Amino acid sequence: MTLVTSILMTSGAVAGVGLACGIALAMAAKYLAVKEDPRIGDVTELLPGANCGGCGYAGCADYAKAVVIDDVSINLCAPGAQSVIDDLAKYLGKASEQAEKTVAKVMCGGNSDQAPRKFLYNGVADCGAAHAVGGGDKSCRYGCLGYGSCSRICPVSAIEITDTNIAVVHPALCIGCGACVRTCPRALIKMIPASRSIHVMCSSKDKGPVVKKACKVGCIGCTVCTKLADGAINMEGPLAIVDYSKDLDNEAVVEKCPGKCIVKE
Amino acid sequence: MKALNALFKFKGGVHPDYNKDLCRDQEIKTMPLPSVLKVSMSQHLGAPATPLVKKGDEVLRGQLIGDSSGFISASVHAPTSGKVVAVEPAATATGASCTAVSIEPDGEDKWIDGLKGIDNWENANKKDLVEAIANAGIVGMGGAGFPTNVKLSPPPEKKITTLIINGAECEPYLTADHRLMLEQAQKVWDGCRIIMKILEAEKIIVAIEDNKPEAIQAMEKVMEGTDLNASIAILATEYPQGAEKQQIFSTIGKEVPSGGLPMDVGAVVENVGTVTAIYDAIVKGLPLTERVTTVTGGVIAEPGNVVNRIGTSFQDLIDFCGGFKSKAAKVIAGGPMMGFAQANTATTTTKTTSGILCLGPEKACSYESMPCISCGRCVSACPMKLVPSELSQYLEAEDYEGAEEINVMDCIECGCCAFECPAKRPLVQHMRQGKAHVMIKRRAAQAKK
Amino acid sequence: MSQTVIEYLLLILGAVLVNNFVLTRFLGICPFLGVSKKISTALGMCGAVIFVMTLASAVTWPVYYYVLHQDGVFGKDLTYLITIVFILVIASFVQLVDIAMKKFSPKLHGALGIFLPLITTNCAVLGVSVLNIQLKYGFLKSTVFGFAASLGFSVALLIFTGLREKIDRANPPRAFQGVAIALVTAGLLSLAFMGFASLVK
């Protein structure tokens, strides 16, 4: 058999088998096709792909499916922020929505220098576990225990446990997924607009004298800040809370706070 | 009435040093009224009671100061007469915070008027008896604090065949129940008869561990000649023989199903302390205002079993028992296996404070925990047939779904696994952590529905 | 028990334990390492592999003997094309199964579907098909052998996944975390399976 013949024979045979398979597949693709909305794939492409679960769905593909089929709100993707909202709006032909970049913040300033421990804790280094033992070893019942449950759950390692045993979120790294908010057993972490800089760094619901005994930088409920803040700070029991939906320009609240718990960053 | 050895024995368990010699021969003493009684509104399982008094009010002993606030809740009564000096949050023995009513005794110790027992309770209505128990604020005094009136009102489809009286007192160091059976055996037995009247069970078994032979004898004497189908079961001394599910298995050989309750196998278990409180409530009409607490431990000068009013601070009890003779490293509310360590001695007693254990530095050492070596000792020890080594690995990795699948919710937190572990792993803490997270997840799922 | 039954039982035993496809022949390592993180995904993979390998063995056998062999349709000895043609056939077949499964059983497709593309060019599937020819097995024997091979793969995968799950929970040193310790474990498991060496001649 000549070289040409054998090459032709080989290619012919393989081509023949290939053609047979190809026809079988084409027929299958035509007659056994299943309709699936092609938009789901496109929307998944538009999302950041972090699969962080911050939107409340099991990953980006799941959120894409919800957006396309169940017409779910398009502003649930925190890591995607405004650009993703705009892309989704454009693709789906909807009106775009405004979203402010939010980051997490640990609303407690009582590190080991300011708030001592009330007993020696010997056990699992987890905030939930520590909170279950005698209400936590920190002198303040509401403060940050510093055992790192939030730090470990953060998908982008944006939370640091400082050497003064308190959790601090680095806003530049935070993608706003909210996992730390759900993990903190004392519900200390809040999502705040990234642009704001004045915060009340205390979450204690105890009365003034109790707070003073427990921590040097706790909110004692004196209400001085509420008078200076023009409605942007309100009292909830003995604790002052910033209302981030209102503007807060008066920086005097920081100096005038006798408890030294209001900071500007 | 001859006591007989129990027929069965639960799987697992451990044998810690019992150290009961410190207090087993100490007669129950009553301590004088302290300078203030801080009565917590949460002395029981379930919703805390709602305070009914405010600062400045005058109260009498037995007066209702906290109202039962739900199906699973109990009332709280003033332990003495005096003036309410504060109604504010206070730390409980477990470290939680709950409203507490502080009363300054006026020294008269006057009972409120109108407290009357039920004459002729043998022929009284079941419902009246249960209501009297509810009004007296009686809860399980073995430690759990489950409202007794709820326990004694099982739904009609759950037929109760056996009443088991828990005289095991398996925790080391504690002797309060032992002394109660020795000194007040008749009262205990009369209380048992009252409960039999309410439950209409087929038989009653008084379960006592074999390290309390005198208590067994005392109960044998008072139960002589009864026409109830009664018996005394001698249980092998082992921890946790006094745990409800284990005791049911040891006495009647039935296993309470996973996630189930004793009434699912037709049993109700009551602690001897609760039984005496029921007697006082039904026969004398007295609400629950005091209990016997064992104050013990190597550093206490004169350990003993003390009757104290609810709301007495630990420090007052310790002072009554001679104070500390050497430095105390740990003050535990309860026993060494399941008790709660306290941050200070300002915590006050509740209806469920069975003991105050004060340990010195040699006995209360802390260990560095190491990785699991899969030795399996914890598996042999677990009375609930769980696998603590695997569970703790799941929980260390924070895999709560996996832990739920291998039954972390069945853990009774008895401490046998941690007791046995050669790597000194904080197993019980892991279990609590797991259970807390599973409960959070279940509540969130329930809320979504 | 008849001779044939014993013969087939030994064939299965041989493929599962003695000459395990993953641990002794070192075929199919990609899905072995890739899908062994969780038992639930591993089970799905096992199901898909058993399905594909058994049917692939059954499909490729007639392709060899009726197309490539000189007694086949073309009348010429084209057996040297075995690798290309088998890959072509297997890939198309798996794709066909994928389409059919999606149409007829969406539930099954949800469970196994993602693994099908993974198995398509899996060397274990091609390996068993080629082995069937090399060992000159008949049609029934080839299919049983394919089934046994996939069974062996499943056994190895499930054991390995169980081990991996436990090891990952035990927090290995940083340098060993993930695939590193997995490979060490696979090596040790392979050594362990060498113990079956003389079980079946």
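## Where chain C meets chain A

Between chain C and chain A there are zero salt bridges, a salt bridge being a side-chain nitrogen of Lys or Arg within 4 Å of a carboxyl oxygen of Asp or Glu. The rule does find one residue pair in polar contact across this interface, with both residues at pLDDT 80 or more. A polar contact is a pair of N or O atoms within 3.5 Å; within protein, one must be able to donate a hydrogen and the other to accept it, and residues adjacent in sequence count only if both atoms are side-chain atoms. This is a predicted model, where local features need pLDDT of at least 70, side-chain atom pairs count only at pLDDT 80 or more, and totals for chains, interfaces and linings use all residues. Residues are numbered from 1 along each chain as its sequence is written, chains are lettered from A and ligands numbered from 1 in the order in which they are written, and side-chain values use heavy atoms, with hydrogens and water left out.

As for area, chain C and chain A bury about 1,400 Å² between them, and 87% of that is on carbon and sulfur atoms. Buried area here is the accessible area (1.4 Å probe) that two parts lose on being put together, summed over both. On chain C, the trio of Leu88(C), Ile99(C) and Lys103(C) supplies 29% of the area buried against chain A, more than any other three residues.

## Who takes part

Chain C brings 18 residues to the contact and chain A brings 17, with contact meaning heavy atoms within 4.5 Å. By class, chain C's side has 13 nonpolar, two polar and three charged residues.

## Chain B overall

Over in chain B there are 13 helices and 18 strands; these are DSSP runs numbered from the N terminus, H or I of at least four residues for helices and E of at least two for strands. The C-alpha trace spans about 65 × 55 × 50 Å along its principal axes. Of the 449 residues in chain B, 54% are buried, that is, under 20% relative accessible area (1.4 Å probe, protein chains only).

## A look at Thr80(B)

Thr80(B) sits in the loop between strand 7 (76–77) and strand 8 (82–91) of chain B. Thr80(B) is buried, at 0% relative accessible area. Its side chain makes a polar contact with the side chain of Asp109(B), at 2.8 Å. Beyond neighbours within four places in sequence, Thr80(B) is in contact with residues including Leu33(B), Val59(B), Ile103(B) and Arg309(B).

How values were computed
Ala, Val, Leu, Ile, Met, Phe, Trp, Tyr, Cys and Pro count as nonpolar, Asp, Glu, Lys and Arg as charged, and the others, Gly among them, as polar. Buried means under 20% relative accessible area, exposed over 50%, partly exposed in between (1.4 Å probe, protein chains only).
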